[in-house]
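Open the model in your viewer and keep the selection panel at hand. This tour says what to select at each stop and what is there.

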2 protein chains.
Amino acid sequence: GDVWAVVDEHHLEGTYAFEDFRDAHEFTYEIGELAEAEWHHPDIHLQWGEVTVEMWTHKIDGLHKTDFVMAARMDRIHDEYAPD
Amino acid sequence: GDVWAVVDEHHLEGTYAFEDFRDAHEFTYEIGELAEAEWHHPDIHLQWGEVTVEMWTHKIDGLHKTDFVMAARMDRIHDEYAPD
């Protein structure tokens, strides 16, 4: 989708929109659980109606295939929150 | 505690330390639930071992008693995550 940008050839940054705080909050919880399951931990910024994620592979201090796979999985989770 | 600072006479900013991502993640969920219950919504930045909170009262674009009460409640929640 159009959510993600590669920043400084170093990390992915993506911003997801939500209807309210509740949905942004639940999404944050879901992607935090994903992060723990995959042992790949982004920075997550939760605010009213919006979640911003920064993600890279710390071991190589840059982007790895894993980051793009995680981004795609987050997109699919976010689809569940889309307004009807 | 020493967590919180008043920034620009406008908002509170506090950073909480945790042992790992899991605890930071669970704490984020707990304070998000508190925010919904009190209908007072901070910005929350979750990363490995750390959660940063920015909070103010949007209606007055500044600090109100509610912000300080919420900050104290977050401190008490954080106490449950303290290393033994």
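Between chain A and chain B the count is 4.

Before you go on, note that this is a predicted model, in which local features need pLDDT of at least 70, side-chain atom pairs count only at pLDDT 80 or more, and totals for chains, interfaces and linings use all residues. Residues are numbered from 1 along each chain as its sequence is written, chains are lettered from A and ligands numbered from 1 in the order in which they are written, and side-chain values use heavy atoms, with hydrogens and water left out.

**Stop 1: Arg22(A)**

Select Arg22(A) and Glu33(B). Their side chains form a salt bridge, 2.8 Å from N to O. This pair crosses between chains, from helix H1 of chain A to helix H1 (residues 21-38) of chain B. Helices here are DSSP runs of H or I with at least four residues, strands are runs of E with at least two, and both are numbered from the N terminus.

**Stop 2: the contact surface**

Select the residues in contact (heavy atoms within 4.5 Å). Chain A gives 19 residues and chain B gives 19 residues. How much area is buried between chain A and chain B? About 1800 Å², with carbon and sulfur atoms giving 60%. Buried area is the accessible area (1.4 Å probe) that two parts lose on being put together, summed over both. Color Phe21(A), His25(A) and Tyr29(A): in chain A they lose the most area to chain B, together 27% of what that side buries.

**Stop 3: the strands**

Show S3(A) and strand S3 (residues 43-47) of chain B. They pair in the antiparallel sense over 3 bridges; pairing requires at least two DSSP bridges between the strands. Pick His45(A). Its bridge partner in S3(B) is His45(B).

**Stop 4: the axis**

The same surface serves both: 100% of the contact residues of chain A recur in chain B.
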